[in-house]
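Please consult the sequence and the structure shown here while reading.

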Amino acid sequence: MSRIVVLVGSVRKGGNTELLAKAFADGAGQDNEVELLSVADYNVHPCIGCNYCYLSEGSRCVQQDDMVKIYDMLRQADTVIVASPVYFYGISAQLKALIDRLHTPMRNEFHIKSLGLILVGAAELPDLFDPIVTQYRMILRFFGLKDVGMVLVSGAREKGAVLSGDGMKRAYDLGRNLNQ
């Protein structure tokens, strides 16, 4: 049994990203402990690049916000799934702020072994996900993480659009087959 943290990068409650993340969690939760972490529920400030965390005891950040709680969750995770809507060919600003705050020596305390990606976008462009997937692959390589897979859903403009098509099944199957 693995401990999985799903970083849900959408602030729209009940939206397409959250629906796909929950489908993944339903599949993965049968054999793993899964925690959905919605960025909308946390106050996380962007990294200011001061490098205070490299000098402070315990690699603490100079900023006083909810990132402390998120660090604690990530310390216990074996797998992280990043789920985000696509805005201008990138992940959401809220999720980007959280990820940038992982630029800290504290990440050396994490035991994360694998990473997965769930993206949903309104456009139907053939290269819609390419910039994010490139960054994802670079992160996998840099940290030596296992790629557990990706679910990429385009053409989902309206809230609930992912309920039609095969995106929900693919997200569920990714979670269900995670340990195989």
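D78 and K113 form a salt bridge, with their closest N and O atoms 3.1 Å apart; the term denotes a side-chain nitrogen of Lys or Arg within 4 Å of a carboxyl oxygen of Asp or Glu. This pair links distant parts of the chain, since D78 lies in the loop between helix 3 and strand 3 and K113 in the loop between helix 4 and strand 4, 35 residues apart. Helices (H or I, at least four residues) and strands (E, at least two) are DSSP runs, numbered from the N terminus.

The model is predicted: local features need pLDDT of at least 70, and side-chain atom pairs count only at pLDDT 80 or more, while totals for chains, interfaces and linings use all residues. Residues are numbered from 1 along each chain as its sequence is written, and side-chain values use heavy atoms, with hydrogens and water left out.

**Salt bridges**

The structure holds 13 salt bridges. One of them joins R3 and E33, whose closest N and O atoms are 3.1 Å apart. R3 belongs to strand 1 and E33 to strand 2, so this pair ties together parts that are 30 residues apart in sequence. Another salt bridge connects E109 with R75 at 2.7 Å, N to O. Here E109 sits in the loop between helix 4 and strand 4 (114-120), and R75 in helix 3, 34 residues apart.

The table lists the accessibility of these residues, where buried means under 20% relative accessible area, exposed over 50%, and partly exposed in between (1.4 Å probe, protein chains only).

| Residue | Relative accessible area | Class |
|---|---|---|
| D78 | 19% | buried |
| K113 | 52% | exposed |
| R3 | 12% | buried |
| E33 | 43% | partly exposed |
| E109 | 35% | partly exposed |
| R75 | 25% | partly exposed |

**Helix 4**

Which residues of helix 4 are buried? In helix 4 (residues 93-100), they are L95, A97 and L98. Seen down the axis of helix 4, these residues fall within an arc of 155°, so they line one face of the helix; the arc is that of the directions from the helix axis to the C-beta atoms. They pack against strand 1 (3-8), strand 2 (33-38), helix 3 (67-75) and strand 3 (79-85), contact meaning heavy atoms within 4.5 Å.
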